[in-house]
Amino acid sequence: MKIEDSEYYKTLNPFKLEMPFGNYYFFEKFIVGELFESIHFDWKKAELLIAEVLNFYGEHAQLGFIANRINHYSVDPQNWVKLEKKYNFISASAIVMYNMSTYMNASIEKQFAKKSIKRCTSLHEAIEWIINLKEFN
């Protein structure tokens, strides 16, 4: 399910950031990312997104991140290492998986990150997990 088709989009009215490689939805405590089909999300793209995030939320933001994997694309798992080493605004992440290959990729990425990454089977599960984290309450 796309975030725009969810109850959260309608009730929380996030800011929508359109990038050349995907759309990002900025909520109060978390971001939902939906990359486009066949994109390879490398560090160069990550830094473009990070600049937008810091510009919107500020340097001291603490956020959750949800990768809503509605399309097939690849992610450089080293992005997680670089993100945690250079920036400190993501408290926890969730990856919404819609098939077994996404589950396998999420499992690999989880090995690279020091911070929590939860694998979820629905967007609802991911959002509820993020908004109920102790860091945000």
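Here is a short chat about the predicted model shown above.

Visitor: Before we start, what kind of model is this?
Guide: It's a predicted model.

Visitor: Okay, strands then. How do S1 and S2 run relative to each other, parallel or antiparallel?
Guide: Antiparallel: S1, residues 15-19, is joined to S2 by five bridges. The two form a hairpin with two residues between them.

Visitor: Which residues of S2 point which way?
Guide: Gly 22, Tyr 24 and Phe 26 go one way, while Asn 23 and Tyr 25 go the other way, and all of them are buried.

Visitor: Let's talk core. Which residues touch the most other members of the largest nonpolar core?
Guide: Tyr 24, Ile 31, Phe 41, Val 53 and Phe 89, out of 31 residues in that core. At least two residues each come from S1, S2, S3, H2 (43-57), S5 (63-68), H3 and S7 (90-96).

Visitor: Which element gives the largest share of this core?
Guide: H2 does, with seven residues.

Visitor: You mentioned H3. Which of its residues are buried?
Guide: Asn 79, Trp 80 and Leu 83 are the buried ones in H3, which covers residues 78-86. Looking down the H3 axis, the buried residues fall within an arc of 100°, so they line one face of the helix.

Visitor: And what's on the other side of H3?
Guide: Lys 85 and Lys 86, and both are exposed.

Visitor: Switching to charges. How many salt bridges are there?
Guide: The count comes to five. One of them pairs the side chains of Lys 16 and Glu 4, at 2.7 Å from N to O. Lys 16 is in S1 and Glu 4 is in the segment before H1 (7-12), so this pair ties together parts that are 12 residues apart in sequence.

Visitor: What else does Lys 16 meet in a salt bridge?
Guide: Glu 18, at 3.6 Å, N to O. Glu 4, Lys 16 and Glu 18 are therefore linked in a network, as a salt bridge here needs the nitrogen within 4 Å of a carboxyl oxygen.

Visitor: How exposed are Lys 16, Glu 4 and Glu 18?
Guide: Lys 16 is partly exposed at 30% relative accessible area. Glu 4 counts as partly exposed too, at 28%. Glu 18 counts as exposed, with 58% relative accessibility.

Visitor: Which residue does Lys 118 meet in a salt bridge?
Guide: Its partner is Glu 125, with the side chains at 3.7 Å, N to O. Lys 118 is partly exposed, with a relative accessible area of 27%. Glu 125 is partly exposed as well, at 28%.

Visitor: How far is Lys 118 from Ser 107?
Guide: Their C-alpha atoms are separated by 9.4 Å, and the two residues are 11 apart along the chain. Ser 107 is found in H4.

Visitor: Is Ser 107 buried or exposed?
Guide: Buried, at 17% relative accessible area.

Visitor: Last topic, the surface. Which residues form a nonpolar patch there?
Guide: Val 81, Ile 108 and Phe 112 do, with about 220 Å² of accessible area together. Phe 112 is found in H4, residues 100-112. That Phe 112 is partly exposed, with a relative accessible area of 31%.

Key. Residues numbered from 1 in each chain as written. Predicted model: local features only at pLDDT ≥ 70, side-chain atom pairs only at ≥ 80, totals over all residues. Heavy atoms only, no water. Buried < 20%, exposed > 50% of the residue type's maximum accessible area, 1.4 Å probe, protein only. Helix = DSSP H or I, 4+ residues; strand = E, 2+ residues; numbered from the N terminus. Arc of directions from axis to C-beta. Pairing = 2+ DSSP bridges. Patch = residues over 30% accessible without salt bridge, like charges linked within 9 Å, V, L, I, M, F, W, Y side chains within 5 Å. Areas by Shrake-Rupley, 256 points an atom, 1.4 Å probe, with all protein chains shown as cover. Core = buried A, V, L, I, M, F, W, Y, C linked by side-chain atoms within 4.5 Å.
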